[in-house]
Amino acid sequence: MSSFEALTALDAMVEKNIQSMNELSGFGVVMVCCSGTKQALYWQQRLEDGKGSIIPHSSIVVATEEDWPGGAGNALGTLYAFQKAANIVKERHNVDILSKLKSGEVSVGLYHTAGKGTRLAPLPGAENNNKPGVKLPATTSVSGKLVPMTILEAVIKQTGCYARSRPGRLSVFWGDQIFIPTVPVDYTVTHHVDILCSLGAMVTEEVWKEKGMDKYGLIARSKNGSAAQVEKVDHATAVQLLSSLGEIESVGASLGSFSVSSHMLDCLLTEFAVELATKTGKLDSDPHLWMPMTLEKAAYLQLMKQKGIAEEVSDLHFNRIAAMMERFNGSTSTASLGLFGPVDVGQGVYWWDYGQLKLYLRNTLLVTERTREAQLMRMFMGIPETQLTSSDSTILNTDVDSNSCVFGSTIGSDSFPKGFVKNCVLNNVRCKYIEASNSILMNVTAERIIARGENILYNLIDDTSSKNNEEKKAVSLLDVEEKCVLVGVFNDGGEQSLMRSHMDTDGGKAWEKTLEGNDHSFEMVYNKNVDTCPLTLEKIIATSHDDVWKRF
């Protein structure tokens, strides 16, 4: 096969995978683990109202709060979230999810969304701490109305393609990354635990360094089909630690997302029953489950020592997991599957990460480009190539270039000078005049908008020129310099305060600082938002936008 033919086949496979995602053959049960009770209420309502657009009409939705003091880690956090959600499903629907999993009648997708989103600041603040609710360049139907699609909805839509292959399994995903595999998403399950990764041939020490493989959690598969996980090690250490596997056939970076059989899930729930009942301890899946399950004891102790964990602590934990696995392997019901294996997503996988402000800008504006990747993103987002401006948008006296994507917006007026939009994403924007280049505008209502380049204007109302004050008429809040980030944060009374940042500012590093032009730090805004209800505020904010627009 020539390189051109290989590329064509790869493109065809990616398109097939996207078509599978757009078919919405998703999980029978969708569980969302949220950072607070009010976020859980929001996602319960949002996903219920969005059935048929993001998930199948028949799916059961259950959103829960992670209320584990100090955090459970993603291992105990997954078990706790499943257990808590399963109890709710039993109460609401009289369905025993674990029994349904054991009989292979259902597939379950669990999505972790907790976290402050510091590196995406100030956008999560504009969503009242609802980090997975940050909006993307697409629309979805909620209660029959087209609204901006959220990051979490896009993740649920994308990952639902694995549901067909996973009846009787719990699948676990993280809520801020979209990936499009370059190999078939349908596969035959062969292991009690499998983990998504991008596999390639085992490489030399030189290539290992060039690819920076010492910076990732890695999955290695031997020629006999067995696999193991190691974390952030050099080539020589990896070869040494994985020597018990035999000859390594392939290795690749782990995506972190995994699935487990009902037998393994039941085993883990039993093993950690005390921790789950008392909400004590903190365990992560890679170092505390998969590594002690798949590595020799000496290799595991060595790796954990590199992570700063005392040998006696690691030794005790390894022995505990070994005893658990001895009981697990002694059951005849577990013999049909291997223990741990990779699920390859292919080389050159398309990966769209929205967890940082600069990545949000880059990956949102990707839909305006004329590249193959941009075309595939538009296909996934449901944006027709022949109609980048949606039919529910109205454009008057404004030049919108052929690259820009405009959704649910009303821009321009014959009573104002002619405006322009170049290489931008506009979603739910209303204004009488606009000059915008290489920028993102989400949920913005104003008389005039000037965005000079690489701007993010998010959840904003500028009503200064609608007021009967001649001095204010000459001023527009939404006239911003290049790389300026400006968002609106609303309180329960519908009052808006502005938060400013810059595309070169790392919100994680600046989290506790009060940036120039702001009255509060990102951390202070987060703390002020703790008791707000995104579901209630979404309605208040929408009404505020409508009221201001009527006055223009």
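Predicted model: local features only at pLDDT ≥ 70, side-chain atom pairs only at ≥ 80, totals over all residues.
**Helix packing and nonpolar cores**

Helix H11 passes helix H12 in a right-handed crossing. The contact involves Pro-287, His-288, Met-291 and Pro-292 on the H11 side. On the H12 side it involves Tyr-300, Leu-303 and Met-304. By class, six residues of this contact are nonpolar and one is polar. None is charged.

H11 spans residues 285-294, and H12 spans residues 297-306. Their axes come within 10 Å and cross at roughly 155 degrees. Angles over 145 degrees count as roughly antiparallel. H11 is therefore roughly antiparallel to H12.

The largest nonpolar core was examined next. This core holds 76 residues. Ile-178, Tyr-360 and Ile-456 touch the most other members. The surroundings of Ile-456 were traced with its neighbours within four places in sequence left aside.

A second, separate core comprises 50 residues. Among them are Ala-72, Leu-79, Ala-81 and Leu-269. Leu-269 is also one of the buried residues of helix H9.

H9 covers residues 262-271. Seven of its 10 residues are buried, so the helix is largely enclosed by the rest of the structure. The buried positions are Ser-262, Met-264, Leu-265, Cys-267, Leu-268, Leu-269 and Glu-271.

Technical notes. Residues numbered from 1 in each chain as written. Heavy atoms only, no water. Buried < 20%, exposed > 50% of the residue type's maximum accessible area, 1.4 Å probe, protein only. Helix = DSSP H or I, 4+ residues; strand = E, 2+ residues; numbered from the N terminus. Core = buried A, V, L, I, M, F, W, Y, C linked by side-chain atoms within 4.5 Å. Contact = heavy atoms within 4.5 Å. Axes fitted to C-alpha atoms, helices over the stretch in contact; angles between N-to-C directions. Parallel < 35°, antiparallel > 145°, perpendicular 65-115°, else oblique. Left-handed = near helix turned anticlockwise from the far one by under 90°. Nonpolar A, V, L, I, M, F, W, Y, C, P; charged D, E, K, R; others polar.
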